[in-house]
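The following note sets out several points for a colleague examining this entry. Please read them alongside the sequence and the coordinates.

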Amino acid sequence: MNILLTDIVNNNQADVQSISMLMVLVVLIIFIISWVFNRISILRIRKNTDRIKDLSTVLQHTLKVSNNYVVKLSMQERMGYNLHGDFLPKEGMSYEESLEYIHPKDRDIYKSFLKELIEGASTSECTYRWDISGKEHLGHWRYIHDTGIAEFRNKNLKTSATIYCTLKDQTEQIEQELTQNQLTDKYRRVFEQGISGLAFYDKNGKLITANKKMQEILKFQSEDDPFYYDRTIYDLPSFREIMDDRHIEELFFCRKSVILERGVNCYVEMRIHPIYDETGSLIYITFAIRDITQERQLYLQNKKNDERIRRANEEMQQYETELQYVMEKCEMRFFRISFADRTCTFYKSMNKPEIQISFDELIEHFINSPFSKEQESLEEYFKKPRTDLTKMHPFFHEGEGLQWNFIDSVPSYDENGKQTGTYGLIRNVNALIEKQEQLKRETERANQSGMMKSTFMANMTHEIRTPLNAIVGFSDVLPMLSTPEEKQEIIRVIMNNCDMLMRLINDVLAVSELEGGSISIQPIETDFAKAFDDMCISLAQRVQTPGVEFISNNPYTSLVTTIDKERILQVLTNFVTNAVKYTQQGHIKVGYEYRETDGGGLYLYCEDTGAGIKQEDQSKVFERFVKLNDYVQGTGLGLNISKAIAESCKGKIGVESEGEGKGCTFWVWIPCEATINNQ
């Protein structure tokens, strides 16, 4: 029994020890697990802390790079403080003070922005103008974009305690948008108010928009007239015959436009201009149209007057011949008296003075002078228009004899109405009494000094009308042709006449420039050898007469000099154009060389095998309006303009010819320095 109890006790002690060890083991395991989890948590917290620091650094860097400001607005304090940047003062700024910095027109916007955030909105945005001039309030406004985020004190009540605002200066962006909008409005006004009809089509020929003038010409029935908006440009009667939707080229043409569905029946100028992207794909088609019906009617009316103008020109030419004969054969002079210079100038012709004498010399020629030698009395004498028959000593030849002269004088005034002198005629009536009527007409001639310009305008009207007739006539014929070859030939004729018209206009502009002084020269550094080759490509197109060969002679690989190459091209073009008119067989040759004479200069020439020039006519060809053959088209201005260009360049110009039928060579020499390379 004792032994049994002893075993039981021993067994119990063993169990207690086992349980105690098990509990120690469990506690140890729990401690180890707790330590591991704590370690993991510490590492995770440390990692998250580092991550937050990195994120904060990135955000700070981003804010710095983006030039944004961050401001904290405390609703309790009604104050704002800088969190990033220096948008506000260091000590902060009150709500009332901040309103003083906001443009008066934008304060309601800012108040509405804060109200949304205070009343429960989590975010809100607005843009206002902020005065950066400080407390002086000078009105230096910048556009600020404000993005606000509300931090709520009580999420259930949705009442914000703090607002965080990110501020960005968008002045440049907004001003650029305003500038672009203004520019867009400007071009829109130009588009809408143009004197020509304008329209834009997409790449498929569908109408995008048309201005009011286009709608007026094509008689739109509404702003979005389906007749035009539901069709492509290729479907319209005026275009289907001349346009190919597979390939659009720039076109400019005149024709009669008829659209029966809209009652369109008029003559128009049309221009089609395709717009391609950088890959060569068509993206838009622009279309311009101008109603020229009235212009055409005026043209037809002017055509009816051609015969009357021609007869008037013949009568004026006869008058000019008779008047010039009277001036040369009779003892009559035109005179002009200047009070400022105290001189009297006599003219045998209207262009060149014959003699000039002082007031004292003038007075000495009179017998029983009606005025004294003082300047005031002479001015008083010529104060009014006069017609006097006076016996006096002769002005224009030596001798003691006296002659009777009629003196007709008219006062002359400056732009302020102050008399500057007088002008008129002095006539020896001893031998020319029978020519009294002619002399009266000469007085009228003196009062019509613009006669030459009127004659020039009449001639120019005739010259301009010739290519215009061809352009309009062949443009009417063009739609009737069926084959591409025939159309190409007609287009070539139209382009040639357009080129002729451009040359006439350029001549008129050059003459206008001459009237204002000399032709302007703008020399630039140029490799003339290369420029000459480019010129010859253009000039060769002008020589289209069968049997006439165009030859160019370029002796240098490179010739660098400083000249106005555009003016040189104008001179060569005039030379070649003139040669083409008079050369029916042989060749036209252009070339140049650098000559060291007279300090060095560029010598250019145009040689032809044409009609040639008589020796006595060679000095006339460079005069204005001179044409040696009236049946050859032209204004007689090209060579005169070339001479003016040469003189403006301080150069020389001339012509060489052995006579009629032996051709001629026109040349020009322009002084310049050059660097030559013959390799």
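1. In this predicted model, Ser642 touches Val571, Asn574, Phe575 and Ile653, leaving out residues up to four places away in sequence. Ser642 itself belongs to helix α16 (residues 638-648). With one of these residues the link is polar: the side chains of Ser642 and Asn574 make a polar contact at 3.1 Å.

2. Is Ser642 buried or exposed? Its relative accessible area is 0%, and because buried is taken as under 20%, Ser642 counts as buried.

3. Helix α15 spans residues 565-582, and among its buried residues are Val571, Asn574 and Phe575. Those three residues are also among the ones that Ser642 touches. Further buried positions in α15 include Arg567, Gln570, Thr573, Thr577 and Asn578, as well as Ile568, Leu572, Val576 and Ala579. The 18 residues of α15 reach 26 Å from the first C-alpha to the last, close to the 26 Å expected at 1.5 Å a residue.

4. Phe575 also has a place in the largest nonpolar core, which holds 44 residues. Together with Phe528, Tyr592, Leu602, Leu604, Phe666 and Val668, Phe575 touches the most other members of that core. Helix α14 (residues 528-540) supplies the largest share of this core, seven residues. In general, nonpolar side chains tend to be buried together in soluble globular proteins.

5. Apart from neighbours within four places in sequence, Leu604 is in contact with Ile568 and Leu572, with Gly591 and Tyr592, and with Phe528, Phe666, Trp667 and Val668. Both Ile568 and Leu572 are buried residues of α15.

6. Elsewhere, strand β12 (residues 332-338) is mostly covered, with five of its seven residues buried. Which strands does β12 pair with? One is β17 (residues 419-428), joined to β12 in the antiparallel sense over seven bridges; another is β13 (residues 343-347), also antiparallel, over five bridges.

7. Ile337 illustrates both pairings: its bridge partner in β17 is Thr422, and its bridge partner in β13 is Cys344. Between β12 and β13 there are four residues, and the two strands form a hairpin. In the turn of that hairpin, Arg342 has a positive phi of about 55°.

Key: Residues are numbered from 1 along each chain as its sequence is written. This is a predicted model: local features need pLDDT of at least 70, side-chain atom pairs count only at pLDDT 80 or more; totals for chains, interfaces and linings use all residues. Side-chain values use heavy atoms; hydrogens and water are left out. A nonpolar core is a set of buried Ala, Val, Leu, Ile, Met, Phe, Trp, Tyr and Cys residues joined through side-chain atoms within 4.5 Å. Buried means under 20% relative accessible area, exposed over 50%, partly exposed in between (1.4 Å probe, protein chains only). Contact means heavy atoms within 4.5 Å. A polar contact is a pair of N or O atoms within 3.5 Å; within protein, one must be able to donate a hydrogen and the other to accept it, and residues adjacent in sequence count only if both atoms are side-chain atoms. Two strands pair if DSSP finds at least two bridges between them. The expected span of a helix is 1.5 Å times one less than its number of residues.
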